[in-house]
Protein chains: 2
Amino acid sequence: MSVLKQVQIAKEASIKLAALPTKIKNKALLEIADSIKNNSNAILRANEKDVEEAKKSKLSYALLKRLMLDNHKISEMTGEVRSVARLEDPVGRVLSQVELDKGLMLYRVTCPIGVIGAIFESRPDAAVQISALCLKSGNSVILKGGSEAKNSNRILVEIISKAAEKNGIPKGSVQLIETREEVAEMLKLDSHINLVIPRGSGSFVKYVQEHTKIPVLGHSEGICHIYVDKYADVKKAIGICFDAKCQYPAVCNAMETMLVHKDIVKRFLPLMIRKFQQANVEVRGDEKTRKIASGINKATEKDWDTEYNDSVLSVRIVNNLNEAISHINRHGSKHTDAIVTENKKNADVFMDLVDSASVMWNASTRFADGFRYGKGAEVGISTAKIHARGPVGLEGLVIYKYKLTGKGHVVKDYIGKNAKKFRHKVIKKLF
Amino acid sequence: MSVLKQVQIAKEASIKLAALPTKIKNKALLEIADSIKNNSNAILRANEKDVEEAKKSKLSYALLKRLMLDNHKISEMTGEVRSVARLEDPVGRVLSQVELDKGLMLYRVTCPIGVIGAIFESRPDAAVQISALCLKSGNSVILKGGSEAKNSNRILVEIISKAAEKNGIPKGSVQLIETREEVAEMLKLDSHINLVIPRGSGSFVKYVQEHTKIPVLGHSEGICHIYVDKYADVKKAIGICFDAKCQYPAVCNAMETMLVHKDIVKRFLPLMIRKFQQANVEVRGDEKTRKIASGINKATEKDWDTEYNDSVLSVRIVNNLNEAISHINRHGSKHTDAIVTENKKNADVFMDLVDSASVMWNASTRFADGFRYGKGAEVGISTAKIHARGPVGLEGLVIYKYKLTGKGHVVKDYIGKNAKKFRHKVIKKLF
């Protein structure tokens, strides 16, 4: 089947899916979880094939680990699907209700976005998680997994579709495409697909952003900063900066650049650098920083714009809060940035003026994550400036429509000399 | 100054603008209104120049009328600015507040989007209205007006900038560009400009959508439908359809196609067509429709996809509700579509399944408008599926950021064997 045909079927399915009651969606989700559990052996066999192929093609150990499934991972998968079933349905919520005039009532109601294109790498559990989130929010989804997980993805999507359809979910709500050519084809279908969610490396996300006119939800980079203010509590600063760099350096919300106020350098920086060096973090510093301690490499202009995703940190000494804010707004990726200070005013200025999805005061940037933010499930982290920003939960998979109910009302009556007046009585308004 | 330089200045201004208190923004808006009033003579003189040029270049009467200013129009302009000052500030609202753990509080707070590019045709009052909306929502704006309004736009933007700066609005918050080349340049700056709002003809909006990677808020077409159901009240149907087609045919929320259930054809269609023909509406019908009355032209496949913006209507007879819904989802522009029926179930199905920004029951599509929806001011009408949909007010010019405040919290403590547990206590949640 052509990608266009698949997407057309997905579009048709999405219309029906939009009107499905919560009960049916949840029942389908629970059945999907059961069916994955009941078919674990077949899933593991398919996954074994992928793993064998991957070993032959010398896939890196890290990717191999993400690809490999076992009973524990399968039980985690089904757990996630069940937890999506428990989340509140994001569809059909009345955001506002305004009585325009007697008998003329306007509702602003959440509804699904339509057709989602989800592209991800290696991990087959991503297929399950994204399918569950899309079903719950009433969107149909075209999945493209990593080619190294081909067999795993095929069986998982087959199980999901079957269980879904059996429970009243329209055929074609969850579909798989497999090749790069098909992805390129899909990215062209901007009149059919309403949102693309790419998960994977920065360069991959950038590729998607640059090759489609479909809105993209995600982030290509996480260049996160911590600014240690003049009024920082040194102990907190050391704890937070160490956590943000070392707790998991390979992730997008890890700190890449540390900015330090000149007046706290002596009390803070030598201690901090020693701690980093003991943890085998390569520290690269500006000229002033390199005078503070030995073993610091030179940070070039390029360093300020680099996401290391590794045990490397660039350090810069700044003269004041404004210089720190300017540095972040210029070099950051609008992902997550933090200030460490005991001065509330400085914290407020920082959080207002730093133009990032998450801004933090006296907390590690590593908290920027859907689960930690209490969303139950995460679609991804967005650095866009419209629609959804930061860690995105189910709320990012819905939009709203206006429903106006009248009794034969016409606009003519509200125009001209004896025009009726609108009441515009707000009955409910969330925002 | 190069467009890039202008946009960079706008970006810097937007950062400061984001943190300005409501009071300052409102004071600036009121001063802008005063200053426009006090400079009416200079504005009218500049406008006269434009009108003279336009007459020489034989601008159409309709465009000339939109271009021309007089004291009444100026007083309307200042009235609009004052009313924007009275609107609630959309910035700084707490959408949700969650206690992640003791002392670790997460806020989701509305904030401006950043830099808006606004492109519009002929009407100089659009420059004033958009500037006011952007200032109020804390966004800086690059304006491009119609070249035929060059002199009017220049003086208006000068007055606005001066009055704004005098009241603490950062320099460069409202800027003007003038040529098509500059627009093309601006549309390339997707890393600096966060949202483009084009207002004007469908082909113009389409041009913008096709030539930029910046998100576009707007609509290129308004192919609006009314479906007259089997259970329609004939009198209501005639009133609503006539209003939707004839009250103002040139606008985007006018009806272009009328769908009629086969079982109501005899009672409804001859009367309706006669009324349209008396009002000089050209009716184009499918085969069945043309058998009903004389003087009906043939509707071709192309008609179903055409926005006439004129006194022309296409009519199609359908076998059932589903056929009507399918027709609309296939041929419509996702703008505004209505059903006329006394059957609540059919109305609900229609409003759930029709995938449009506004769906209506027993009301004229002409109600789809920011003012009528009670928004006070309208940025435009969006047919996008993300961010903002339908008539968009100030809420479409903001996004949110997450603010996390801690007391030295680190992620390490929430991981591993003796991991602390998150509380995720919801203090406030609008959506």
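Reply: Let's begin with helix α15(B), where B:Asn346, B:Ala347, B:Phe350, B:Met351 and B:Asp352 are buried. Buried here stands for 20 or more other C-beta atoms within 10 Å of a residue's own, exposed for 12 or fewer, and partly exposed for anything in between, with C-beta atoms placed from the backbone. Helices are DSSP runs of H or I with at least four residues and strands are runs of E with at least two, both numbered from the N terminus. Please keep in mind that this is a predicted model, in which local features need pLDDT of at least 70 and side-chain atom pairs count only at pLDDT 80 or more, while totals for chains, interfaces and linings use all residues. Residues are numbered from 1 along each chain as its sequence is written, and chains are lettered from A, with ligands numbered from 1, in the order in which they are written.

What covers those buried residues? The cover of α15(B) includes α1 (3–18) and β16 of chain A, along with β7, α14 (321–331), β12 and β13 of chain B.

Now for the strands. Strand β16 of chain A (residues 398–409) pairs with β13(B) in the parallel sense, over five bridges; pairing takes at least two DSSP bridges between two strands. In this pairing A:Thr405 stands opposite B:Trp361. B:Trp361 also has B:Ile339 opposite it, and strand β12 of chain B (residues 336–340) runs parallel to β13(B), joined to β13(B) by four bridges.

These strands belong to an open sheet of 11 strands with mixed pairing, in the order β17(A)-β1(A)-β2(A)-β16(A)-β13(B)-β12(B)-β7(B)-β8(B)-β11(B)-β9(B)-β10(B). At its edges stand β17 (425–429) of chain A and β10 (297–298) of chain B, each with a single partner strand, so one side of each has no neighbour in the sheet. Helix α10(B) lies across β16 of chain A and across β7 (224–228), β8 (255–261), β11 (312–318), β12 and β13 of chain B, running at about 170 degrees to β7(B).

B:Asn362 sits in β13 of chain B and has a phi near 55 degrees, a positive value in a residue other than glycine. B:Asn362 has 24 other C-beta atoms within 10 Å, so B:Asn362 counts as buried. A:Tyr400 lies in β16 of chain A and is partly exposed, because 19 C-beta neighbours fall inside 10 Å. Leaving out residues up to four places away in sequence, A:Tyr400 touches A:Leu95, A:Arg108, A:Val109, A:Thr110, A:Cys111 and, from chain B, B:Arg389. A:Leu95 is 305 residues from A:Tyr400 along the chain, yet their C-alpha atoms are separated by 8.3 Å.

To step back to chain A as a whole, this chain has 15 helices and 17 strands. Its C-alpha atoms fill a box of roughly 75 × 75 × 35 Å along the principal axes. Of the 431 residues in chain A, 52% are buried. Among contacts in chain A between residues at least 6 apart in sequence, 71% join residues at least 24 apart.

Conventions:
Two residues are in contact if their C-beta atoms, placed from the backbone, lie within 7 Å. Axes are lines fitted to C-alpha atoms, for helices over the stretch in contact, and angles run from 0 to 180 degrees between N-to-C directions.
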